[in-house]
Amino acid sequence: MKGKAVFLHLLVAAAMTATAVVSGAGNIFEVKYESQADVKVAVVQYESQADLCVYVVDYEGQARDSDALWYYVNYESQADAKICFVKYESQADVKIYFVKYESQAGWRRSNPWRGRLRRKAG
């Protein structure tokens, strides 16, 4: 009976950890210097040039489990990804285009960063 209780306790702890990881997804913090960033981002002029189309949401809960829905946080410690905007596309890890509607957001091209903007890097 003791073994089942320990197993159940571990199962509950794992579920709580998984929920915590998902619930914070999409939190973005902008840093000033490239060396502080997890990912360097260039904003492109046209949607067809983008790797990722991004929609900025008003509430943290709206950004859950998505690379394309961003919620800007005020503190680095709250961020799932730290980004630095760079001037040139050649400097960027990801080229983004900001869209007007949530339904337009999403990946347009294959990219090594796909799925990585929604969790803590490192």
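How many Å² does the accessible surface of the protein chain come to, and what share belongs to carbon and sulfur atoms? The surface comes to about 8,000 Å², and 52% of it belongs to carbon and sulfur atoms; areas come from the Shrake-Rupley method with a 1.4 Å probe, and for residues only the protein chains shown count as cover.

The model is predicted, so local features need pLDDT of at least 70 and side-chain atom pairs count only at pLDDT 80 or more, while totals for chains, interfaces and linings use all residues. Residues are numbered from 1 along each chain as its sequence is written, and side-chain values use heavy atoms, with hydrogens and water left out.

**View 1. Overall arrangement of the protein chain.** One helix and seven strands are present, in the order α-β-β-β-β-β-β-β from the N terminus. Helices (H or I, at least four residues) and strands (E, at least two) are DSSP runs, numbered from the N terminus. Of the 122 residues, 34% count as buried, where buried means under 20% relative accessible area, exposed over 50% and partly exposed in between (1.4 Å probe, protein chains only). Among contacts (heavy atoms within 4.5 Å) between residues at least 6 apart in sequence, 79% join residues at least 24 apart.

View 2. Strands pair if DSSP finds at least two bridges between them. Strand β6 (residues 94-98) pairs in the parallel sense with β2 (residues 39-43) over three bridges. Here alanine 42 stands opposite lysine 95. Strand β3 (residues 52-56) also pairs with β6 in the parallel sense, over three bridges, and cysteine 53 stands opposite tyrosine 97.

**View 3. Salt bridge between glutamate 47 and arginine 108.** The whole structure holds four salt bridges, each a side-chain nitrogen of Lys or Arg within 4 Å of a carboxyl oxygen of Asp or Glu. In this one the N to O distance is 3.2 Å. The pair links distant parts of the chain, 61 residues apart: glutamate 47 lies in the loop between β2 and β3, and arginine 108 in the segment after β7 (106-107). Glutamate 47 is partly exposed because its relative accessibility is 32%; for arginine 108, also partly exposed, the value is 38%.

View 4. Glutamate 34 meets lysine 40 at 4.0 Å, N to O. Glutamate 34 has 36% relative accessibility and therefore counts as partly exposed, and lysine 40 is partly exposed at 24%. Glutamate 76 forms a salt bridge with lysine 82, with the closest N and O atoms 3.2 Å apart. A relative accessible area of 43% makes glutamate 76 partly exposed.
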